[in-house]
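Please look at the sequence and the three-dimensional structure shown here. The paragraphs that follow lead from a single residue to the whole chain and back again.

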Amino acid sequence: MRIPYVPNPPPFSAPEETQILQRVQARRAPRPLQPLDLALFHSPPLADGWNSFLGAVRTKTSLADDLRELAISRVAVCNRAWYEWQHHAPLAAQAGVSKDALDVIKIEGPLQGLERPEVLSEKQWAVLVYTDEMTRNVQVRDETFGQLKQVFSDKEVVEITGTVAAYNCWERETAPVQTT
């Protein structure tokens with residue numbers, strides 16, 4: 001993290017900030033506040049919005065757990081955000097993603113142009129390639145988007161895009177600085 005964490009728990013005295021803290025704690029329960037929370041609490045309104053947004057991404061979409069965790073894990077690899085990888089790769093495994101599939105997700109180069117590995121379903125591969133292009137290039141090729149649309153509904157495409165965007169937002173702030 002490039003900024004210091006606020007104390008845990010944050011020493012809020014204003015009622016609005018205390019209510020925000022309680023909402024974040026309720027979403028995290030039974031776990032404690034996370035480092036992400038302690039960074040975001042520098043700006044309680046931002047922490048509140050992030051809590052609501054990430055709560056929706058993590059628990060309120062229609063995406064299957066394996067697809068959500070594949071996307072999050074791929075964003076982590078592309079951004080070299082190994083903290084996120086360490087947290088989400090086990091969640092992907094719990095959702096049924098095999099070790100061989102996790103090895104594919106962990107390929108550090110672009111996926112564009114590669115053939116779908118047998119260890120991944122058509123849906124899983126479409127999510128990975130879309131996530132890879134969205135993260136690396138921002139602009140997604142029409143071909144890649146078309147492949148995603150062949151296997152997912154409009155609602156699912158929005159949810160996949162929102163998931164990838166959310167994790168890119170945070171990981172690009174917290175990922176280590178690359179030096180050459």
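**A guided reading of the model**

With a relative accessibility of 32%, R80 counts as partly exposed; buried means under 20% relative accessible area, exposed over 50%, and partly exposed in between, with a 1.4 Å probe and protein chains only. R80 is placed in the loop between helix 4 (65-78) and helix 5 (82-94). Although R80 is not a glycine, its phi is positive, at about 55 degrees.

Some remarks on the source are needed here. This is a predicted model, in which local features need pLDDT of at least 70 and side-chain atom pairs count only at pLDDT 80 or more, while totals for chains, interfaces and linings use all residues. Residues are numbered from 1 along each chain as its sequence is written, and side-chain values use heavy atoms, with hydrogens and water left out.

Consider next the chain as a whole. The protein chain contains 9 helices and 0 strands; helices (H or I, at least four residues) and strands (E, at least two) are DSSP runs, numbered from the N terminus. Along the principal axes, the C-alpha atoms fill a box of roughly 55 × 40 × 30 Å. Of the 180 residues, 43% count as buried.

How is the protein chain divided? Domain 1 covers 15-60 and domain 2 covers 65-175, with bounds that come from an automatic or database domain assignment. The C-alpha centres of domain 1 and domain 2 lie 25 Å apart. Between the two domains, 11 residues of domain 1 are in contact with 13 residues of domain 2, where contact means heavy atoms within 4.5 Å. Within the protein chain, 64% of the contacts with a separation of 6 or more are between residues 24 or more positions apart.

R27 belongs to helix 1 (residues 15-28) and is partly exposed, because its relative accessible area is 27%. Not counting residues up to four places away in sequence, R27 touches N51, L54 and G55. R27 and S52 are 25 residues apart in sequence, and their C-alpha atoms are 8.9 Å apart in space. Q124 belongs to helix 7 (residues 122-137). Why does Q124 count as buried? Its relative accessibility is 10%, and therefore Q124 counts as buried. Leaving aside neighbours within four places in sequence, Q124 is in contact with D66, L67, L70, V97 and V119.

The backbone also deserves attention. The peptide bond from N8 to P9 is cis, with omega near 0 degrees, and P9 is found in the segment before helix 1. The bond from A29 to P30 is also cis, with omega near 5 degrees; P30 is in the loop between helix 1 and helix 2 (35-40). V138, which is not a glycine, has a positive phi of about 65 degrees. V138 is found in the loop between helix 7 and helix 8 (142-151), and it counts as exposed because its relative accessibility is 55%.
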